[in-house]
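Welcome! Here is a short tour of a protein structure, written for someone meeting one for the first time. Take a look at the model, then follow the points below.

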Amino acid sequence: MDEQEIGILRLGLDFSQPLYEQIVEQMRGAIARGEIALGEKIPSVRELAHGLKINPNTVMSAYKELERDGLTETRRGQGTFITSAQEKVDDFRSEWAEQVIDEFLGKMENLGYTVDDIQLVIQRKKEDKE
Amino acid sequence: MTTLRLLIKNELRSKTRHRERSGSTSMPKKWITIYGALALVIVAGIATYLGIQGETKFKEIWYFNWGMLFWATARAGKSVQKEWDNETAGWWLSLPYSRGTLLTAKFFVNLIRWVKTSAVIYIALFIFILYVMALEGKGSEIFDVLVKGGQWYVLFISLSPFAIGVGILNWVIRKSMFRPMFPLLWILSLIVINILAWLFLTASLTGGEMLGIIAVSWIVTLGVVRLATHILDQHAVL
Amino acid sequence: MDVVVRCQDVKKTFGTRTALQDITVKIPSHQVVGILGPNGSGKSSLFRLILGLNQPDSGEISVLGRKPGWNNNHQIAYLPDRARWYGDHTVEGAFQWGMDLLPGFDASKANELADWMEIDKKMRVDGMSKGQEARLMLIMCLARNVPLIVLDEPFTGIDTPSRERIIDALIDRVTEREQTILISTHEIYEAEGLFDSVFFMNEGRVELSGPAEELRAKHGSMVELVGKMSHGGRGR
């Protein structure tokens, strides 16, 4: 998958997966990891649609989702910006992390793992990495 | 009415009959001029020769009208055919105007062009005749010949709507589900036009008879264009 | 969901050849809709019925709420399949033709598009490359303020730069206005991301349809889907 650089964004789309989710996920990640600075202006819907060669409607709904997350804000007549409030990003990040972990726990429980079992597995992974 | 006027205007503006295939080269303008001049010299030479001989009869020269009727028919057919040849039929037929309006525009454009083409040919012929007769010293007969020619021009222009209508109908049928009927209809059309030309050029009709035939041909032309419209509307193959 | 084209049991044959069999679809409006499928799958036949260029043998079809025909076509901009433009026109001449004969043709929009697509306005069509001519023909369609734009194979036989320009122009069109754009193509090229919804046709039938994102989630990319279709699979 080729990564495209559009303004401050680096995105790569896999056309065998829903595009909207990919844009949202990749941008959420970049903001949460701090790769995009707070208060930065992001490309317009038109620019991103041209850059990725996709339907502007798809970009528009992805941007709306990010605004609902509190990660971006639209300033009238100026465009869309990454939020300048660090706490909003932090909130979102921990909320998202919580969600991922819940999902993970749910799946593991489904496989018959207890929380203790999971801890053991994680411990082993950690040692492997070190 | 304005729609028809605009369709006619745009059709008249479009002069290309055949789009050049890629790779083919067109005749340079310079050479067209050279060949044209050469032809003019030869014609002038013949005219001078005839004039010096002094025995030229201009009675049968008007028989060229016979061929002109077929030319008008074929040219009208071509004006329909070119939409397919040039791959513009899709644009033409998806215009938001009725098939009747589209074909009526084609009909009038053909008629206008035909009046012009015939006029050019008649004028050239008049110049030729005038030159020959002047050399022969038959100045007194010139006026009679010009009047005769004028009459032929008006007569054959009056017959051209029928020829044009028939041309359009034939080529619309060629582009429809009725294509198998085309050769038959085409032969029939040629016979009818032959009879018309023969009647006017060789049978000695009275003025009234001529007017009658012309009037009938115009009424038939209306029917022919209506039929072409119906076929283009219901049975065209794109 | 608003519907722009509604077909009910539509059948069309040409002599012994069946072009469309039992087509029943509702094509949503205000979207970019892809009509995808191999050559000869019935895409162009469907478009010709939408424009009223041919009549169905049986079944009902309505376009923008009306029966197709010449008196409905003022609402539709149509790029015919394998079309050429009038060879003796210049670009300006073509725009004049558009202003005279095409309802809703916006000359200033056409000029803007011509600049942006890098088309020389003094150029004659018979001196153009295929890609340039294709760009001009697309401008003739996109410069119209009509509710429905129907493009039959706009990418076929065109060089990549022209194709990208055309796709960019389409993207802008979607950004600007509330129009429905129907695009048929047998090769997806770079248009993959353009469609809101798609209809896959094969052998005169609609075999699969839905919002592009849903189909991606279920079946993968449009390119893969078309590949499966053309090799006899049902993609399901």
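**Chain B at a glance**

Reading from the N terminus, the elements of chain B follow the pattern α-α-α-α-α-α-α-α. That comes to 8 helices and 0 strands. Please keep in mind as you read that this is a predicted model.

**Overall picture**

- The C-alpha trace of chain B spans about 60 × 50 × 35 Å along its principal axes.
- Chain B has 238 residues, and buried residues make up 44% of them.
- Take the contacts in chain B between residues at least 6 apart in sequence: 83% of these join residues at least 24 apart.
- Which chains have the most contacts with each other? Among the 2 pairs of chains that touch, chains B and C have the most.
- Chains A and B, on the other hand, do not touch, and their nearest C-alpha atoms are 28 Å apart.

**Helices H5 and H8 of chain B**

- Start with helix H5 of chain B, residues 99-136, and helix H8 of chain B, residues 207-235: they pack at an angle of about 130°, with 9 Å between their axes.
- Because of that angle, H5(B) is oblique to H8(B).
- The crossing in which H5(B) passes H8(B) is right-handed.
- On the H5(B) side, the residues that meet H8(B) are B:Arg99, B:Gly100, B:Leu103 and B:Phe107.
- On the H8(B) side, their partners are B:Thr221, B:Val225, B:Ala228, B:Thr229, B:Leu232 and B:Asp233.
- Sorted by class, this contact of H5(B) with H8(B) has 5 nonpolar, 3 polar and 2 charged residues.

**A closer look at B:Thr229**

- B:Thr229 has its place in helix H8 of chain B.
- Is B:Thr229 buried or exposed? Its relative accessibility is 17%, so B:Thr229 counts as buried, the cut-off for buried being under 20%.
- Apart from neighbours within four places in sequence, B:Thr229 is in contact with B:Arg99, B:Gly100 and B:Leu103.

**Helices H2 and H5 of chain B**

- H5(B) also packs with helix H2 of chain B, residues 29-53, at an angle of about 35° and with the axes 8 Å apart.
- H2(B) and H5(B) make a right-handed crossing.
- From H2(B), the residues B:Val43, B:Ala44, B:Ala47, B:Thr48, B:Leu50 and B:Gly51 take part in this meeting.
- By class, the contact of H2(B) with H5(B) has 8 nonpolar, 2 polar and 1 charged residues.

**A sheet in chain C**

- As background, the strands of a sheet pair through backbone hydrogen bonds, either parallel or antiparallel.
- In chain C, 3 strands form an open sheet in the order S2-S1-S4, with antiparallel pairing.
- Strand S2 (17-28) and strand S4 (58-63) of chain C stand at the edges with a single partner strand each, so one side of each has no neighbour in the sheet.
- From one strand to the next, the twist averages 20°.
- How many bridges join strand S1 of chain C, residues 3-14, to S2(C)? There are 8, and the two strands run antiparallel.
- C:Val3 has C:Pro28 as its bridge partner in S2(C).
- Helix H1 of chain C, residues 43-50, packs on the sheet and touches S1, S2 and S4 of chain C. The direction of this helix makes about 115° with that of S1(C).

**C:Val198, a buried residue**

- C:Val198 is found in strand S8 of chain C, and with a relative accessible area of 0% this residue is buried.
- Not counting residues up to four places away in sequence, C:Val198 touches C:Gly34, C:Leu36, C:Leu208, C:Ser209, C:Gly210, C:Leu215 and C:Met222.
- C:Val198 and C:Met222 are 24 residues apart along the chain, and their C-alpha atoms are separated by 8.7 Å.

- Most residues other than glycine have a negative phi.
- B:Glu87 is not a glycine, yet has a positive phi of about 55°.
- B:Glu87 lies in the loop between helix H3 (64-85) and helix H4 (89-93) of chain B, and at 34% relative accessibility B:Glu87 counts as partly exposed.
- C:Glu203, also a residue other than glycine, has a positive phi near 50°.
- C:Glu203 is in the loop between strand S8 (197-202) and strand S9 (205-211) of chain C, and is exposed, with a relative accessible area of 57%.

Methods: Residues numbered from 1 in each chain as written. Chains lettered and ligands numbered in written order. Predicted model: local features only at pLDDT ≥ 70, side-chain atom pairs only at ≥ 80, totals over all residues. Heavy atoms only, no water. Contact = heavy atoms within 4.5 Å. Axes fitted to C-alpha atoms, helices over the stretch in contact; angles between N-to-C directions. Helix = DSSP H or I, 4+ residues; strand = E, 2+ residues; numbered from the N terminus. Parallel < 35°, antiparallel > 145°, perpendicular 65-115°, else oblique. Left-handed = near helix turned anticlockwise from the far one by under 90°. Nonpolar A, V, L, I, M, F, W, Y, C, P; charged D, E, K, R; others polar. Pairing = 2+ DSSP bridges. Buried < 20%, exposed > 50% of the residue type's maximum accessible area, 1.4 Å probe, protein only.
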